[in-house]
Amino acid sequence: MLQVTETEELSEPPEPPGQRVRENHPPLLPFPAELQVYPTSQSKLQTTLRPALWADIPDEKWFDWRWQLAHRLNTLEELSQIIHLTPEEIEGLSAEDKFRVDVTPYFASLIDPDDPFCPIRRQVIPLGRELQAFEGMMEDSLAEDKHSPVPGLVHRYPDRVLMLLTTQCASYCRYCTRSRIVGDAHATFSKTEFEMQLEYLRNTPQVRDVLLSGGDPLTLAPKTLEHILASLREIEHIEIIRIGTRVPIFLPMRVTEEFTTMLRQFHPLWMNVHINHPKEITPELSQALAKLADAGIPLGNQSVLLAGINDSVNIQRELVHKLVRNRVRPYYLYQCDLVKGAGHFRTTVAKGVEVIEGLRGHTSGYAIPTYVVDAPGGGGKIPVMPQYMISQAPGKVVLRNYEGYITTYVEPEDYDPHMIDHLDRFAPERPEPGQGGVIDLLEGRSLAIKPEGFDELHSRGGVQHRLNSDEAKWKPYGVGEESPLMHLPIPIHRDTQTSGNGNGNGHNGNGHNGHTETLLRKPEGSNGHNGHNGHNGNGHHNGNGSSNGHHE
């Protein structure tokens with residue numbers, strides 16, 4: 001178990017590789033284990049103990065993030081100096097076509113050298129089974145590259161985009177969802193591609209939220225990252241910038257006062273870190289998180305549910321409690337993707353539901369992440385949770401709580417959903433051409449969401465005749481008509497160039513082969529996400545297609 005102790009001088013010969021020795025730094029008073037990992041940015045730095053391999057490294061080097069990156073471990077020989085490798089780890093490290101291996105000395109110092117089930121170790125050391133194919137496995141399981149209007153930019157959701165800045169990370173997770181490009185220096189993005197991304201955003205006013213990811217944006221040269229942030233802040237309709245990073249976990253010394261001062265220029269700026277297990281929350285990480293939080297950066301955490309690492313209610317509860325005590329809000333708990341190399345990390349979805357069942361009601365609501373399956377084939381995040389609504393009837397809903405307590409909620413008989421209309425007309429509507437989804441059905445903008453090629457399939461190759469030529473037969477009264485709000489005197493903010501017709505008949509939208517798809521059923525026109533060449537990034541000037549991919 002990770003320990004923080006008083007520092008003392010080394011008085012004995014260095015211990016064998018893999019055993020921990022105390023390092024030289026100013027003595028610190030010991031304090032209770034439950035309090036040791038929740039400092040402010042002004043607290044004295046507590047440090048974890050280093051393996052003997054790095055016992056003589058001066059602090060000025062050890063705490064230099066550039067030194068850490070330059071001394072990452074990636075070979076069988078290097079890793080065997082600090083870990084007693086198993087035959088399957090040796091097999092994984094020896095494989096010629098393995099996903100890239102790099103482990104910072106700091107993160108390697110958290111590994112238990114004698115425990116092959118160590119949760120730190122399993123995340124970064126490859127196993128031989130990593131190369132085994134499994135049913136459903138894909139190279140790009142989330143279809144990010146398919147929904148990419150310009151290189152490195154994924155536009156899956158209506159008002160936000162994912163902006164990939166680099167293919168490099170401080171260390172490499174074995175279950176990486178972007179292993180198709182991550183770790184490959186030849187696949188990284190050029191300045192020209194950055195400019196293409198920025199130009200797309202300048203011309204797409206429906207985007208209000210940009211998520212920077214990669215690879216890891218925090219591995220970029222500081223001036224490069226600052227330039228990108230400044231360029232985004234110059235785009236008036238970009239409201240929120242988010243950074244997704246695991247650098248504070250792999251490389252907490254990267255979070256310096258100079259770095260946080262640079263970041264705070266670009267508020268509102270949010271950051272999501274990626275912590276999977278309580279053992280990752282060290283004094284060094286807590287110090288880094290405190291610096292970020294003290295700089296006014298709201299922090300969230302994204303975890304992946306990993307078999308044998310954190311697929312336990314007790315481990316997840318310990319994790320979320322430590323997160324919130326470090327001012328980090330648990331955000332998402334991801335089901336492991338169907339990506340190459342991740343087969344042995346996958347759990348059942350039922351296990352994820354069990355974890356949420358064990359958190360909801362048993363701990364604070366703000367400490368509970370949203371459990372999601374990122375839809376294979378590119379459908380975006382789908383939240384999954386236990387079933388709390390047991391039944392319903394007109395005027396009554398039967399619910400149960402976390403204890404199994406079952407109750408009835410009586411609904412009002414005189415509720416008027418139009419009472420809000422006089423206020424709703426002041427609220428701007430945001431255009432979501434072709435991506436209205438289920439809310440369009442509920443609000444009467446469309447009647448159905450059809451599988452791709454539905455009408456063509458059911459026409460059976462027939463001819464147009466007197467019974468099927470009148471489209472008015474299938475137009476339901478009051479559905480899909482112009483909202484009465486359009487005629488009110490209060491101006492409604494709409495982009496007439498991008499308002500779609502709800503069916504999303506984009507460039508690739510109406511294929512006859514849609515009914516043969518066995519992995520998923522796509523709404524008619526969903527392939528229109530590739531139609532990004534029109535005005536403001538839309539497939540057609542008049543909005544007859546969903547032009548933008550939908551992934552954060």
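Predicted model: local features only at pLDDT ≥ 70, side-chain atom pairs only at ≥ 80, totals over all residues.
Numbering runs from 1 along each chain as its sequence is written, and side-chain values use heavy atoms, with hydrogens and water left out.

Overall, the protein chain has 16 helices and 14 strands, taken as DSSP runs (H or I, at least four residues; E, at least two) and numbered from the N terminus. Of its 552 residues, 47% are buried, meaning under 20% relative accessible area with a 1.4 Å probe, protein chains only.

Okay, helix α8, residues 222-233. Which residues of α8 are buried? They are Leu225, Ile228, Leu229, Ser231 and Leu232. Seen down the axis of α8, the buried residues fall within an arc of 160°, so they line one face of the helix; that arc uses the directions from the helix axis to the C-beta atoms. They pack against β4, α7, β5, β6, α10 and β7, with contact meaning heavy atoms within 4.5 Å.

Now α12 (residues 313-325) and α13 (residues 349-359). Their axes come within 9 Å and cross at roughly 55°, using lines fitted to C-alpha atoms over the stretch in contact, with angles from 0 to 180 degrees between N-to-C directions. On the α12 side, Val313, Gln316 and Arg317 make the contact; on α13, Glu354, Val355, Gly358 and Leu359 do.

Methods:
Buried < 20%, exposed > 50% of the residue type's maximum accessible area, 1.4 Å probe, protein only.
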